[in-house]
Amino acid sequence: MEYLYFSFLSLTLGALLTALIRNKIGSGVLAVLFTSISAVLLIDLALDVLFNNKIFEEEVFSLLPLLNASIFIRVDALSALFLLIVAIVSFCVCLFSVKYISSYSQSSLSFYPPILSLFASSVGLVCIKDLLFFILFWEMMTLTSWILVVFEREKKQALKAGLQYFIATHVATAFLILAAVIIYSYSNSFEFSEVYKSLGNILVNNSLLGNFLIFCFFIAFVTKAGVLPFGFWLPNAYPQPPSSASSFFGGVMSKLAVYAILRFFLSVIPLSSTTEAWGFVIAFFGVISIFIGTIAALTQDEAKRLMSFHAIGQVGYMLLGIGVGIYFIHISPFLSVIALTGGIFHAFNNSIYKSLLFLNAGAIFYKTSTTDLNRVSGLIKVMPLTALAAMVGALSIAGVPPFNGFVSKLLIFESSIWSARVNEALFLVKGAFIIFGIISIFISAITLASFLKFINSAFMGKFKEEDIKGGRLSWSMTLPQIILATICVVTGLFPSVPIKFMYDAILVSSKINLPDFNQVFSADIAGIGINYCQSCLSSGAWYPLFIISSTIMLSLIIFSFERYAGAKIREVKTWYGGKEHTPEEVIYTGHSFYQPFKEIVSFKVGGIYFKGFYPSEFPPLKFAFPKWITKIIQPDDWFYYPLANLISKFFDRMSNFYERLNRYYIFWFVLGSLLVGILVFYFYGGKL
Amino acid sequence: MNFTSLFLSVMVNIFVVLLLSPLFDGFTRKVRALIQSRVGPPPLQSYYDILKLMGKEDLKSTINPLFRFSPYLSVISIAMASLLIPVTGLNPPFNFFGDIFLFIYIITVVGIAIIITASASENPFAYVGASRKMMLHLSVEPILAIALITGAINAGSFKIGDIVSWYHLSGPNVSMLLATVCVFLSLQALIGKIPFDISEAEQEIAEGVLIELSGPKYACLKWANMARQVLFCLVFSQIFIPWPITDSLILNTLIALFKVTIIIFISTLIESLNPRLRIDQALKYNLTLAGFSLTAIFLALLGV
Amino acid sequence: MDVLLIQLLVPFFGAIICYLFKSRASGLVASFFALMTFSLTLFNILTSLSFTQKTDYQWDFFSWLNIPFSFGLFTDGLSSLMLILITLIGLFVILYSVGYLSPNNRDHGFYPPYGSYYFLMLLFIGAMIGVVTSKNFLQVFLFWEITTICSWALISYMRDSKGIFSGFKAFIMTHIGGISFLVALGILYVEAKSFDFSSISVLPPTEKFLVFGLLFFAASAKSAQIPLFTWLPNAMVAPTPVSAYLHAAAMVKAGVYLIARIYLSNPELSANCAFIVAVVSILTMLISVILYYIQDDLKSLLAYSTIGHLGYILFGVSLGIFGSITGGIGGIFHIINHGFAKGLLFLCVGAISYATGSKSINELRGISSKFPFLAVCFIVGMFSIVGIPPFSGFWSKFMIFTGAFELKYGPLTFFGILAIFESLLSFCWYIFVGHRVFFGTPSEKVLNAHKDLPFSMRISLVLLLFFTIISPLLGYPFVKVLYGGV
């Protein structure tokens, strides 16, 4: 448990110390040092909690008597999973940044302190069991990430994106604050279990208010996660910071919003038959993100913007799984836990391969100073390891076996389609879930298409010598990518261990009785088999061991056949139809991929051009109060000044009247003395 | 399943899909020639072609290592996909190890292998072919997925063996019939023959994805295309028309081969008598078909 | 002689001494006296138990009033809180003025003699100390009017026509408040025969309401609530340190101090009183937010923001009168948070105008590339004001929101939602202005700016930045004691 405090302390200390050092490499090394200490401690703590099924709880500091809030730490399996993600990705990001920041002209002072504070607030967020401090860490995350988004202060785009980002998330947090204070008035405590009890009461007595509170939570988390239409800020904001920061954003920050949804819907909001409809709402918005996000991604030509749209799409997958899980949590617990496990597993997998992909984009930027897919080509020559890691990342995000994306997508597809077999659910809901499942399968192919475009444009193709600086990438930039790629492969090949962890996370954080792990999954070292209900055994399966071993045997056979045939190898130039061409003429740019499909999905509505179902620019927001309001609320002009003028005119008149002639002086004198005499007699006449 | 029958089943599947596919390709060429009033090559010609190409000079036009290895991946993945199709009985050999989604993704890997080969070859014609191949794949895959999912909903399990067993037992119902029709209408696109062989269009983009390949690599891709034909016809015939099934392994295999021959004959007829579609026409056709096939799902949901 | 009296007299004494010096030295002498005052305050606070101290003096000036009445000084949690704010910010502002009042000032060159400026500032500090340590209403009124005079003189310091007009306007408007204060004093004398803070409770209901209404009118004139708020934007023609002190940290806080004191001393005020305070403060908040959008001058923006935040404090206190302790204490906590943050913002704007000669939002762009430190100050101040955790404004605003919803009383819930909405709107406009002015490519005025700020300005900004960040920790013990006492 102390590990948590030490790691938080080391990250905060790192943030303070790197603010004092101007040298880029020096502060980078310092940041790596502190992050690695913190990562080791966090991984140790997380693995301890996950393997031994422990829960740590402790109350550190209380704000009584002012407010019944305290820093209440709780590390259970769900928090441990996300601590694991934060630890791994933060270490990789820092290691990558050491050399990477030197390709920017801005000072590293505006990079390392904010990103280390971002790590610290992420660590804090996943361990807190108290609503007030949860909001505190939530806003701190927004604050520090905003500083990173406006890293390049002179670029107009970065500023606009940062403004949109901060305002959108702050409005969402205002909803969260509103919900928190309303709940406090009923529960008189901010701690999650008290909130759970009072929310239960509110939902029973006043279900409109209860659903409004759930709505507030939903809006807050869904905006941060980047789900369309609330997450309109995301494609503008994620490409702006340096790629290592984008890697942390896309890899961890949006997943922390998913963590918040999980934590709140499992431990804070009591799920009854009235609130299960929220599962459907979550799944619905998830599917909208999946569909629009990924199709819009297909039409993008700039690598980081492409990946940001994919981040939106992938968050949709997680929400689909979680939504199906929440909907069926009372009706069919087996299906529900499979869907929730799929959702959490997808969050874990996604953080690994999304960070990896953003780091790839960063490596491309480092070498060629641009991430525009129309201008880079053939980089596999100078970055072979990066290209390999990028391929692993691309195949993982598309969900190709044997990488990790396949397993989580398998669980999500199967659970949304299996809802057809649940007899107690409504027909329309079942039909809707199946449509959601099919849309997500279709979009999986589009994800593959989009990333093949990325790989083909950036790494394959003719290599242009002129734009490259330096030789190979240094090990500090390749090692993080290799680490993340290895995790992708290992998690895909041996899914039974991670799935047990995810399952434990759900069991521990949920307050409902759910079936045991061995009833739902038959998992061993070779793979997993899935049981969807008490009696339907093993209706889904994935045993990578057998698949991989047979693939290896077959490939050995075919290779030996080819060897035996003994064809000679001769090197030639690429054939272009008989003519010699310069490299620029024969490079197939990213823009040209999938043109017919792009034309199908682009259209114009009311003056805005929708490229891939996503508007290419938003209409500018003009905001002004009507003139008459601003006139009324400034009483100077219509009240005070006229009044003052009136009064001064009156007194001027009086003084004029007084100053004319001497006889008027005598007149006033006599009048005044008469008046005083009358008054004196009136009041004191008796006494005299 | 005990180990011997598993092993035997695996061997039969790989034999049918890999080793018998050039024979079916020869059959195709003969039928096409007869329609075009030619004599045509002998039926074993495709074997001779592959063997000859394996020994021919291998032209290396790029140092990209992926160029060397991905053609083999396409053949291997088709072989792996075949292990998920039931030929010798009601259950495929790898029934216990993977389900319909694994099958769909292995089909995707076939496409990926060819696309990676194309992009590694640095030739813009290959890129055009790769881009078209991907678009075709993503428009036709939903139809297969929807059909398989219809089967899964009806059967109550995602495993291919269970679906076939259920279908064999309970006979056709409206949703499965609709799914069968949809798969049949998309079969040309799945196999990749005219009118849907847009990515290997000889006249238009100088054979597209195959342009830089020669020698063993060309042999592998040609072999992969032949095996693909047999594989998808097997999919259609074994999963969607699983009758009759006997207890004998050899008899089942022969029945499967017979059904595949009929379907290949029909497919070759369509191929010889039609022009090639443009890519946007093909896209629109497939996407419309995919949207239409959703009704099969709803019928399955209703239990019909 | 006890320390409270010395603390009160030192600034007055220092004012006279300062007036004798003519040049920059008067500034240094003034800083010395301000430092002494602050040390005395610190000594007082650290040596008192639960921040309470009392002294009584019997002077016979007013023996003809025939009531039990004495002059005296005392402190408790609320007074100590305000004392910290007044003396600390007074020290920083005087230190800052040493550098600001120089001919190099691009905005408006200041030439010696500076003696009158420091005289008035120290007088002001002394008057404010008097206001918050006074034991009864009459004494408060005495020092209240001294502050009115000082503010009139300081606003018109620059002797141009706009300055004189603004000073006069401020004087008239706050004096109207002063007259209503006097009438309230009269009623108290006649009905309750005492000037003590708790004497309002012994009045019959209608008189209680009347007296409270008159006192609230006086406080709202001083603290720029509706309807007498228009003097504050005009008062921005004063030199920026004056605005920072008077109109952010000290003078306007006198009004809210009065209401807070009434709240703390009279537990039995009627709901009507609370309702008036709530309605006026909410309306003020909304009006100030609407008027943000049409401002071009950075200082007027900050003036309207001050008006809005004083509305917050009064809203919190009204919640306390309604019965929600969290809300009342939240309002009082907001006094110190807002004071430090607003002071920082004003001094930061002053530094910008010193260096570039302009305060206009349209003319300034890209300041962070030349003065990154000023950007940090402004952003920290802005976040503290708006209520972004973990900065100071969040805690007090959160307590106010909690208090608003705690009572589950319809109109209060509505006001609470309006308050949250206002917080959002002000955040949007602040961050928009901040982006415009600080980020981006530098505009012409910024490129021609001075290269360096004077040392005294920089050090006061650094110290004030530090105190803004830790102000919740600073105010926490006082607020805890107050909570326990209520």
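Q: What makes H11(B) stand out in the nonpolar patch?
A: H11(B) gives the most to this patch, with six residues. The model is a predicted one. Helix H8 (174-191) of chain B and helix H11 (249-272) of chain B each supply at least two residues of the patch.

Q: What makes up the nonpolar surface patch?
A: The patch covers about 1,000 Å² and is formed by Ile35(B), Val181(B), Phe184(B), Leu185(B), Phe258(B), Ile262(B), Phe265(B), Ile266(B), Leu269(B), Ile270(B), Leu273(B) and Tyr285(B). A residue needs over 30% relative accessible area to belong to a patch.

Q: How do you know whether Phe265(B) is buried, partly exposed or exposed?
A: The relative accessibility of Phe265(B) is 38%. Buried means under 20% and exposed means over 50%, with partly exposed in between. Phe265(B) therefore counts as partly exposed. Its place is in helix H11 of chain B.

Q: Why is Ile241(B) given the class it has, going by its relative accessible area?
A: The value for Ile241(B) is 32%.

Q: Where is Ile241(B), and which residues does Ile241(B) touch?
A: Ile241(B) sits in the loop between helix H10 (215-240) and H11 of chain B. Not counting residues up to four places away in sequence, Ile241(B) touches Phe236(B) and Lys259(B). Pro65(B) is 176 residues from Ile241(B) in sequence, and their C-alpha atoms are 42 Å apart in space.

Q: How do you know how the radius of gyration of chain B compares with that of a compact globule?
A: For 304 residues, a compact globule would have a radius of gyration near 19 Å. Chain B has 19 Å, so the value agrees with the rule. The C-alpha atoms of chain B fill a box of roughly 55 × 45 × 45 Å along the principal axes.

Q: What makes up the secondary structure of chain B?
A: Chain B has twelve helices and one strand. From the N terminus on, its elements run α-α-α-β-α-α-α-α-α-α-α-α-α.

Q: What share of chain B is buried, and what share of its contacts joins residues 24 or more positions apart?
A: Of the 304 residues in chain B, 66% are buried. Among its contacts with a separation of 6 or more, 80% join residues 24 or more positions apart. Chain B exposes about 10,200 Å², and carbon and sulfur atoms supply 72% of that area.

Q: What makes the span of helix H16 (residues 427-458) of chain A close to what is expected?
A: This helix has 32 residues and an expected span of 46 Å at 1.5 Å a residue. From its first C-alpha to its last it reaches 46 Å. H16(A) is also mostly covered, with 28 of its 32 residues buried.

Q: How do you know whether the span of helix H15 (residues 392-406) of chain C agrees with 1.5 Å a residue?
A: The 15 residues of this helix should span 21 Å, and its end C-alpha atoms are 22 Å apart, so the two values agree.

Q: Why is H15(C) described as largely enclosed by the rest of the structure?
A: The description holds because 14 of the 15 residues of H15(C) are buried. After H15(C) comes Lys408(C), whose phi is positive, near 55 degrees.

Q: Why does Ser31(C) count as buried?
A: Ser31(C) has a relative accessibility of 10%. The limit for buried is under 20%, so Ser31(C) is buried. Ser31(C) lies in helix H2 (residues 24-46) of chain C. Leaving aside neighbours within four places in sequence, Ser31(C) is in contact with Leu91(C), Ile94(C), Leu95(C) and Val98(C).

Q: How do you know whether the radius of gyration of chain C agrees with that of a compact globule?
A: With 486 residues, a compact globule would come near 23 Å, and chain C has 21 Å, which agrees. Chain C has 18 helices and two strands, and 68% of its 486 residues count as buried.

Technical notes. Residues are numbered from 1 along each chain as its sequence is written. Chains are lettered from A and ligands numbered from 1 in the order in which they are written. This is a predicted model: local features need pLDDT of at least 70, side-chain atom pairs count only at pLDDT 80 or more; totals for chains, interfaces and linings use all residues. Side-chain values use heavy atoms; hydrogens and water are left out. Helices (H or I, at least four residues) and strands (E, at least two) are DSSP runs, numbered from the N terminus. The expected span of a helix is 1.5 Å times one less than its number of residues. Buried means under 20% relative accessible area, exposed over 50%, partly exposed in between (1.4 Å probe, protein chains only). Patches are made of residues with over 30% relative accessible area and no salt bridge: like charges are joined within 9 Å, nonpolar side chains (Val, Leu, Ile, Met, Phe, Trp, Tyr) within 5 Å. Accessible areas come from the Shrake-Rupley method with a 1.4 Å probe; for residues, only the protein chains shown count as cover. A salt bridge is a side-chain nitrogen of Lys or Arg within 4 Å of a carboxyl oxygen of Asp or Glu. The radius of gyration is taken over C-alpha atoms; the globule rule is 2.2 Å times the number of residues to the power 0.38. Contact means heavy atoms within 4.5 Å.
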